[in-house]
Amino acid sequence: MLDGRMIRVVNLRKLAEIVGEDYFSSEDYMLDLYSADIAALPEMVNDLLRTKADAVAQPTSTEIVSRILKYCMDKRIPVIPRGHGTSGYGGVVPTRRGLVLEMTRMNEIHSIDKGKMTVEVGAGIIWGHLLEELEDEGLTVAAYPTSAPSSTVGGWVAAGGTGIGSTKYGGIREQVVDLEVVLPDGTVIRTAKDGKVIAQFLKGSDYVFNPGHDLYQFGFLEDERVNDNVTDLFVDSNGALGVITKVVLKIIPLRNLKPLVASFRSGQLMTHALENIVAATRPFFLHFITGDFYQMQAELGLAPKTSGEWIILATYEGTEDELAGEVEKFHHFVNRNNGIVESEEIAQHEWEERFYPMRIKRLGPSLAPSEVYVPLDNLEEFLEAVDQHFKNERYAIEGAVTNKGEVAALAWFLDDERKKISFLMGWYRSLDFIDIGLKKGGRAYSIGMWNAPLSRSFYGEKRLKTMYKVKRQTDSKNLMNPGKVFSGPLNLSFRFNLLILFAVTIAIPTVLFLAGLLVPEITNAYIPWLVPDTFSKLLWLIGLGLILGVVAIEVANMIPIGFVLTMGRPFMRLFRRIWRS
Amino acid sequence: MRRLFTKNFDFDPDKIVMCSNCSTCRWTCTSYEEWGSEAMFAGGRLRMLRAYVEKNLPIDEHFVEAIYSCSVCEQCVERCPIKVPYGEIVEDLRKRLVEIGKGPYGKLGAMGDRVFHEHNPYGGEAKERANWITPDLKISDDSNIGYFVGCTASYRRPEIGVATVRMLNHFGIEPQILGTDEYCCCSPLIRTGQIVMPIFKKQEDGSKKKVGTLDVKSIINHNIEEFKSRGVDQIIYSCSGCFRTTTLDWPKFYREKGGILPFSTQHLSQFLAVKLKKGEMKWKNGYNERVTYHDPCHLGRHVGVFEEPREVIKSIPGIDLVEMDRNRYESKCCGAGGGLKGGFGENATNIASRRIEQALEVGATTLISSCVFCKLNFLDAVKRDGHDIKIVNIEDLFSDLMELG
Ligand SMILES: Cc1cc2nc3c(=O)[nH]c(=O)nc-3n(C[C@H](O)[C@H](O)[C@H](O)COP(=O)(O)OP(=O)(O)OC[C@H]3O[C@@H](n4cnc5c(N)ncnc54)[C@H](O)[C@@H]3O)c2cc1C
Ligand code: SF4
Ligand code: SF4
């Protein structure tokens, strides 16, 4: 329970042999790099949790992935799939140590089907590379994340989300046609046709409540029916059900893009304009920044010279004729909401800046992000509520409208991670921001590890049930990216476990000893046998303390992360205020 | 701010904390492309540095290797949304590693030794530095225009020095050169952190005896004073590395002595572009080939010279200049810089080979560059991998087409 690697040295050697020595590392300096995602976690959290992988492998083929998974399941080694680690929800955190499977060497473009308008790629290809290659063929994908220069296709499929193009074409879920997935037992399936393989896991109702680490997971009793295409099941499943090795995506012809920028004097005017624009036109990408965002950009000399500080970027895609009509309507609705349509140079500049939302980090020097989907209809209310709630914080919000009439609202809280305590306490902001969104009818943006308590509302009861059943049947030991999607327990670090053990072992005899000294009438009356008045009794009590210490460690290691975050949040909020005042 | 760092590795954390870990700089990183590991791109290196610094980890060979396996090409800085000054950070870091005796990596330290003893990193004798000069070259001792030849042309690719002087002579300029008084520009030393370094000599009994201290500042100041005392107020460069170092690094070292450089610097491609603009240049022959131009990092991204070389190339009759996908600010590095060629020779050649493939992809039969170091590395790749492409520098072309050879 205390610590110790999950992978024994012989197993490391075998894994290196399977994947190839050049693509394997268990060296300490590498493990640090592969054990975190983009989020700058408060250092204290890193000290507290046991989140360091034992080894990293970069597989080069589906067959190797399959052999690795078989081996890991057999040897009870947790496996954590990883793209480029650009997501920030803890999806790649090795909660129970184990093997990180970095997919970036599986980065080929396997085929482009111009008839069906699809492209098949290795899961580890970077979006930027794919876009470049497609562009050479006069093609493109219908949606890509703003992290396109850095994130992998498989990573976005597994994390889920919306991005550029999603206002018109939907998020990544809508783009995936088929996946090649290696299930935890090493079976390779194509999700568009191998539904039968999954269906077999859903038969019967033999669910037994699972002890141990699965204690906090859900149990369901009904049968599920699935059709042959189970692609949807694997999208945004954060690698908890298997490793995605190939992705087939929809593609579209590369057409004209026309970015337009409008500025407004208030959030109210801007949100009304957004509603009008999305009702009357079909932007490819409809994005906004708040006045605070603009101010921060201005502080860095990066803000465009616009009349107002609330900025909308609407990019249209289509034929020249289509574009002309959209542009006209855009002008009309901007004017109607007292906005100004800015120059073409500004529009072009803002469009080119779409990949760089993090420039304002210079003001931090740290940024704590948080993201939530909010219905566009409630955006104004949401922004006001956030404004009210975070009076003492410095933050900026941007958002992009999706094809479902939602806004993916992304907040950037300025902070300084070098101020360790205050940064730790500031964590409450990310959680509160999501909460406000949920209260305004929204839903979580992505699940990963930190949002696992929101799985039920994110996936919906039915889908979560199916996912759970598949997980239990294919991965009963919970080794496939543990702690993701299904809220897992805290796995505390060796140091922290030792601290608990030490505290309990020493604390119990000390308290009893002091009680014997200070209030002998009480101890003698009720617990005379527990007062350490002789050396042998002291030893006996230390022994008891040790046993209780081990029990305390067991208990502490079973507390779900979500529970800790929920309970800790009011304290964080309070301490942060005190710290900053 | 309180520093939690080891005494011997006190690196300013304010610089590292700017990096957001976003990986935007990863996909075009020269070293990531070669090694494919999280430790081998700017964001990964900064994260690793942070882990070493904050956790007080002992500096081991992995760390040193990762820090030196970067060509300091600064594609990452170009990409970085936050403009983390990675180039400065990594050079500063290398300097710190050398100071605490952990750097430079591998055999790179030999360069410092050689510069200390012979004023060049190749180990050629100092007195032979001017041996490349052929009798036909006209060199004066009173012109206000100087030519900084550099170590690579002096010791490895003499044809570059010859072609450059012939080119200047063609325009009626008889430049001053420092000859054996020219010392290394110190580019390889600054890039690899060898700014101040004790120099040892092996004794007969195997022990090492300190024989002096390499001090980049004094070498640079020697060069500056030499040019100044000879009345040179404009220096021409054929090597982009020397040009970058003189333009961006020398002033820092000279300023410490309280001065600003007493001369201006000009790369030969800029010199030719001016001649072209003034109508003082007419090509004798044409070049009927499809060519592409490789922007050397030191000339392009670092100093901002992109268009002049292209203007010169385009003016050659019959030439068909095509661009590679990655050009100008986004140009891909040849892999030679930042000590990569000295420290990781094979990898540097792999990188050059991939750049050549990009040239071949656009149908170029000649790859033109304007840096001696790029040319050296490309030629090594051609030799090893047998690419069917000619590698030339602008001055080579000039010399050939003007029949100066
Ligand atoms: C600047 C910036 C902009 C961003 N913009 C957007 C945006 O517009 N929209 C958006 O939704 N997100 C955005 N993100 C978040 C992030 O980039 C996306 O979630 C992303 O695509 C993740 O890709 P990755 O390769 O980095 O995956 P990782 O972060 O490495 O992994 C994400 C999750 O997927 C799992 N996973 C990765 N690869 C596989 C695989 N092959 N098989 C199974 N599971 C796998 C991991 O275990 C993890 O749970 C942005 C991030 C940054 C830094
Ligand atoms: S300087 Fe070049 S090689 Fe070094 S990290 Fe940046 S992009 Fe990579
Ligand atoms: S150096 Fe810049 S681009 Fe690279 S990871 Fe850090 S912030 Fe991102």
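**Ground rules.** I number residues from 1 along each chain as its sequence is written, letter chains from A and number ligands from 1 in the order in which they are written. In this predicted model local features need pLDDT of at least 70, side-chain atom pairs count only at pLDDT 80 or more, totals for chains, interfaces and linings use all residues, and side-chain values use heavy atoms, with hydrogens and water left out.

**Entry 1: the chains.** I looked up chain A and found 23 helices and 18 strands. Chain B has 18 helices and nine strands. Both kinds of element are DSSP runs, numbered from the N terminus (helices: H or I, at least four residues; strands: E, at least two).

I then checked the radius of gyration, which is taken over C-alpha atoms; the globule rule is 2.2 Å times the number of residues to the power 0.38. For the 581 residues of chain A, a compact globule would have a value near 25 Å; chain A has 26 Å, which agrees. Its C-alpha atoms fill a box of roughly 95 × 55 × 45 Å along the principal axes. For the 405 residues of chain B the rule gives a value near 22 Å, and the chain's 21 Å agrees. The C-alpha trace of chain B spans about 65 × 45 × 40 Å along its principal axes.

**Entry 2: ligand 2.** Which residues of chain B are closest to ligand 2? I found Cys29(B), Cys70(B), Cys73(B), Glu74(B) and Cys76(B), out of 13 residues that surround the ligand. A residue is near if one of its heavy atoms lies within 4 Å. α2 (30–35), α3 (42–54) and α5 (75–79) of chain B each give two or more residues to this shell. I sorted the shell by class: seven nonpolar, four polar and two charged residues. (Ala, Val, Leu, Ile, Met, Phe, Trp, Tyr, Cys and Pro count as nonpolar, Asp, Glu, Lys and Arg as charged, and the others, Gly among them, as polar.)

**Entry 3: α3(B) on α4(B).** I followed α3(B) to its packing with α4(B), residues 61–68. The angle is about 150°, and the axes are 10 Å apart. Axes are lines fitted to C-alpha atoms, for helices over the stretch in contact, and angles run from 0 to 180 degrees between N-to-C directions. The pair is therefore roughly antiparallel (over 145 degrees; under 35 is roughly parallel, 65 to 115 roughly perpendicular, the rest oblique). Contact means heavy atoms within 4.5 Å. Arg45(B), Met48(B), Leu49(B) and Tyr52(B) of α3(B) meet His62(B), Phe63(B), Ala66(B) and Ile67(B) of α4(B). Six of these are nonpolar, one is polar and one is charged.

**Entry 4: α13(B) and its partners.** α13(B), residues 268–277, packs on α18(B), residues 394–401, at about 45°, with axes 10 Å apart. The two are therefore oblique. Leu268(B), Ser269(B) and Leu272(B) touch Ile394(B), Glu395(B) and Phe398(B).

α13(B) also packs with α14(B), residues 307–314, at about 55° and 8 Å between axes. This pair is oblique too. Among the contact residues are Ser269(B) and Leu272(B) of α13(B) and Pro309(B) of α14(B).

**Entry 5: backbone.** I found a cis peptide bond joining Gly364(A) and Pro365(A), with omega about 10°. Pro365(A) sits in the loop between α14 (344–352) and β15 (366–375) of chain A. The bond from Gly103(B) to Pro104(B) is cis too, with omega near -5°. Asp236(A) has a positive phi, near 50°.
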